[in-house]
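Subject: Structure handover and what was found in it

Dear colleague,

Please find below the structure that I promised to pass on to you.

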Amino acid sequence: MTPILQVKGVTKRFGGLTANNSISFDVAEGEILSVIGPNGAGKSTLFKLIASFLRTSSGEVLFKGQRISNLAPHKVARMGVVRTFQETTIFRSMTVRENVVVAHHLRSKASLLGFFLGTSQARSDEAEFGVSADEIIGFLGMDAIRDELASNLPQGHLRALGMAIGLATNPTVLLLDEPFAGMNHDETMRMVSLVRRLRDERGVTVLLVEHDMPAVMKISDRIVVINFGEKIAEGTPAEIQSNEKVIEAYLGSEDDAIGM
Ligand SMILES: Nc1ncnc2c1ncn2[C@@H]1O[C@H](COP(=O)(O)OP(=O)(O)OP(=O)(O)O)[C@@H](O)[C@H]1O
């Protein structure tokens, strides 16, 4: 079976700095795969290369066997590879529901401009998007805050809204950038179970970059470890926790220990 995503020898240089050096790995359909590594290891750069927010210096990324690296990021998103959280646009003066409806326009025939101008295509999309938005809001357990203005939401709810916006684009592969950052234990566990349900109930393949090791160990089918821009390990959580190279990379770093 062809993997849904193939990262093949991807390298990114910023001037003299090699942030990613010939990184390769495959992601199977329906897999939850985490990318971990000490601060500055090159994880965010790798995510930006996969979602084509950055151009590769060499190497390529394939989605369903088709090259997606160096395409316009909105094209990659329309194809189904969607990166969320750090650069998610939330309209603060709109309600939760309005934000989720607007996010559907990424996959719409009408442009976002059409939505704001109220064109007929945009109006006909509107009803359909409203139904879908309500379904996503229900799925994420956000019914109680549906009509809240985004500007009034606390951090945890903003993150859930970021997830709702990502889902509105109907992703095949969702890239989550530090989804548990700033969350307490209960919020993290709720997000862990949401991400699992995304995979189990909607078949979404999930890649995440995360520093919260207990959450990573709990949620991941497999883990890829990056250090100084190089892939140093790949395997199941149990394999990664006992990998000598990984333990060494984390010793003396500012991150939490690799263990649980
Ligand atoms: N646009 C850029 N221009 C120049 N250097 C960059 C750029 N983006 C990242 N870097 C450098 O590339 C290296 C990897 O950064 P990156 O943000 O990918 O690491 P990270 O593993 O995501 O770090 P963290 O865990 O701290 O978020 C760092 O040395 C960083 O300073």
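Two notes on reading the model belong here. Residues are numbered from 1 along each chain as its sequence is written. Since the model is predicted, local features need pLDDT of at least 70 and side-chain atom pairs count only at pLDDT 80 or more, while totals for chains, interfaces and linings use all residues.

The protein has ten helices and ten strands, and 41% of its 260 residues count as buried, a word used when 20 or more other C-beta atoms, placed from the backbone, lie within 10 Å of a residue's own, with exposed meaning 12 or fewer and partly exposed in between.

Six of the strands form an open sheet in the order β6-β7-β8-β3-β9-β10, with mixed pairing, and two strands pair if DSSP finds at least two bridges between them. The edge strands, β6 (81–84) and β10 (230–235), each pair on one side only. Neighbouring strands of the sheet are turned by 20 degrees against each other on average, direction ignored; axes are lines fitted to C-alpha atoms, for helices over the stretch in contact, and angles run from 0 to 180 degrees between N-to-C directions. Helix α1 packs on this sheet, touching β3, β6, β7 (173–177), β8 and β9, and its direction makes about 150 degrees with that of β7; touching means that C-beta atoms, placed from the backbone, lie within 7 Å.

Why is strand β3 (residues 32–36) largely enclosed by the rest of the structure? The reason is that five of its five residues are buried. In a regular strand the side chains alternate between the two faces of the sheet. In β3, Ile-32, Ser-34 and Ile-36 point one way, and Leu-33 and Val-35 the other way. Four bridges join β3 to strand β8 (residues 205–209), running parallel, and in β8 Ile-32 stands opposite Val-206, while Val-35 stands opposite Val-209. Another four bridges, also parallel, join β3 to strand β9 (residues 222–227), where Val-225 is the bridge partner of Ile-36.

Lastly, Arg-67 lies in strand β5 (residues 66–67) and counts as exposed because it has 12 C-beta neighbours inside 10 Å. Leaving aside residues up to four places away in sequence, Arg-67 touches Glu-60 and Leu-62.

With best wishes

Definitions and conventions:
Helices (H or I, at least four residues) and strands (E, at least two) are DSSP runs, numbered from the N terminus. Two residues are in contact if their C-beta atoms, placed from the backbone, lie within 7 Å.
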